[in-house]
Amino acid sequence: LDESLDQNNILIDRYVDNSIKEMEGLSEIKVQYKPLVAKAKEFRLMVEKFNFYIDSLRKQLIEKSGGPFTHDDEIVKTYPAFLHKPQKPQDIRIPYSIFVSDSQKGTQKGFPFETKMLELKKNYLDQISKFWNKDAIKGTIFQDTSRRSATIALIENELPLSEFGNYLAQANINNTAVAETYTLLRKIQNEGKLSLLVIVDFLSGQMGWLNYDCFDYPVLFSSPQKEIIRLGEVFKTHLVCGNFYSGRDFSLSVDGKTAIVKNGVAKYSVEPQKKGENKFMATLTFINPETQKRDTLKKEIAFEAADN
């Protein structure tokens, strides 16, 4: 899961960078959009700083666990995915010592980095809200003050950070092992980047048509809340349709049923049908920019269901 999230983050970075580049190009012609470009870059920097903080926590986990697994460790020879990951993967005392004992003596509910997540989300929403002012950009939603509250509420609901914050609030740090915490921190970075994608898509949508034909072939990937769940739990994920923007002719279905996509992201949940590996098929249907014909991209997504 950690490697999968890392690859997802790379794809999101590419998507956001390309979006901002296209926004910047259009703003050279339509200069009224320059504040939107500047804000998109500011948001990107905010996420970079946030992820730097999360990386520091991942490094602490590695250091306090005795360092990373190396090629010399027997477990790496059997399970290569353990390479460079923290040792003592099942130890629950190490995360506790970092996130509870080191940060606050006594009992602490939840994860301390949740505060950083809330700050990032609040900054997103506060900064977007400020575009509704007496000098609002012409031709954008920001000229209609009556739509301000509803739009901010809609964006907040679509931010992956909002939903994941609810998950963290219910998690128990006292029983979270090193390996799970290490991946959880990567997942938090993923949620921050996915939320940036939503925000940048919203800002670029205010600028009208952008030339996205310069993008690579479309991508489809899953960003699950957890990749291993227990029987009786619900598997929840975000299905991200990369290289698309609001208005492009495309649709997404899961096991034949249409999924609702907002700002390139669809929320999907399903109950496992059996113990062990469960799978579902996501299908992206789109107009190929090269052939101008309808094309499909299929991705089989798997998750594990364990005993209660």
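Which residue's side chain meets that of Lys 34 in a salt bridge? Select Lys 34 and Glu 28: their side chains meet in a salt bridge, at 3.0 Å from N to O. A salt bridge here is a side-chain nitrogen of Lys or Arg within 4 Å of a carboxyl oxygen of Asp or Glu. Lys 34 is partly exposed at 35% relative accessibility, and Glu 28 is exposed, with a relative accessible area of 55%. The terms are set by relative accessible area: buried is under 20%, exposed over 50%, and partly exposed in between (1.4 Å probe, protein chains only).

This is a predicted model, in which local features need pLDDT of at least 70 and side-chain atom pairs count only at pLDDT 80 or more, while totals for chains, interfaces and linings use all residues. Residues are numbered from 1 along each chain as its sequence is written, and side-chain values use heavy atoms, with hydrogens and water left out.

**Other salt bridges**

Select Asp 17 and Arg 44 next; their side chains form a salt bridge of 2.9 Å, N to O. Asp 17 lies in helix α1 (residues 2–29) and Arg 44 in helix α2 (residues 34–64), so the pair ties together parts that are 27 residues apart in sequence. Helices (H or I, at least four residues) and strands (E, at least two) are DSSP runs, numbered from the N terminus. Asp 17 is partly exposed at 36% relative accessibility, as is Arg 44, with a relative accessible area of 24%.

Move to Lys 134 and Asp 135, whose side chains meet in a salt bridge of 3.3 Å, N to O; both residues are exposed. Then select Glu 277, Lys 279 and Glu 300, which are linked in a network of salt bridges. The count of salt bridges comes to eleven.

**The nonpolar cores**

Now show the largest nonpolar core, which has 54 residues. A nonpolar core is a set of buried Ala, Val, Leu, Ile, Met, Phe, Trp, Tyr and Cys residues joined through side-chain atoms within 4.5 Å. The members that touch the most other members are Leu 36, Tyr 124, Ile 128, Phe 142 and Leu 203. Two or more residues come from each of α1, α2, α4 (93–101), α5 (114–129), α6 (148–158) and α8 (178–205). Helix α8 gives the most, with 13 residues.

Apart from this core lies another, of 17 residues, among them Phe 250, Ala 266, Tyr 268 and Phe 303.

Centre on Tyr 124. Setting aside residues up to four places away in sequence, Tyr 124 touches residues including Phe 43, Met 46, Leu 159 and Ile 199; contact means heavy atoms within 4.5 Å.

Beyond its neighbours within four places in sequence, Ser 129 is in contact with Arg 148 and Ile 152.

Colour α6 by burial: its buried residues are Thr 151, Ile 152, Ile 155 and Glu 158. Seen down the axis of α6, they fall within an arc of 130° (taken from the directions from the helix axis to the C-beta atoms), so they line one face of the helix. The face turned away from the buried side carries the exposed residues Ser 149 and Ala 150.

**Strand β8**

Finish at strand β8 (residues 294–306), which pairs with β2 (residues 228–230) in the parallel sense over three bridges. Two strands pair if DSSP finds at least two bridges between them. Ile 229 has Ala 305 as its bridge partner in β8. Strand β7 (residues 276–287) pairs with β8 in the antiparallel sense over twelve bridges, and Met 281 has Glu 300 as its partner in β8.
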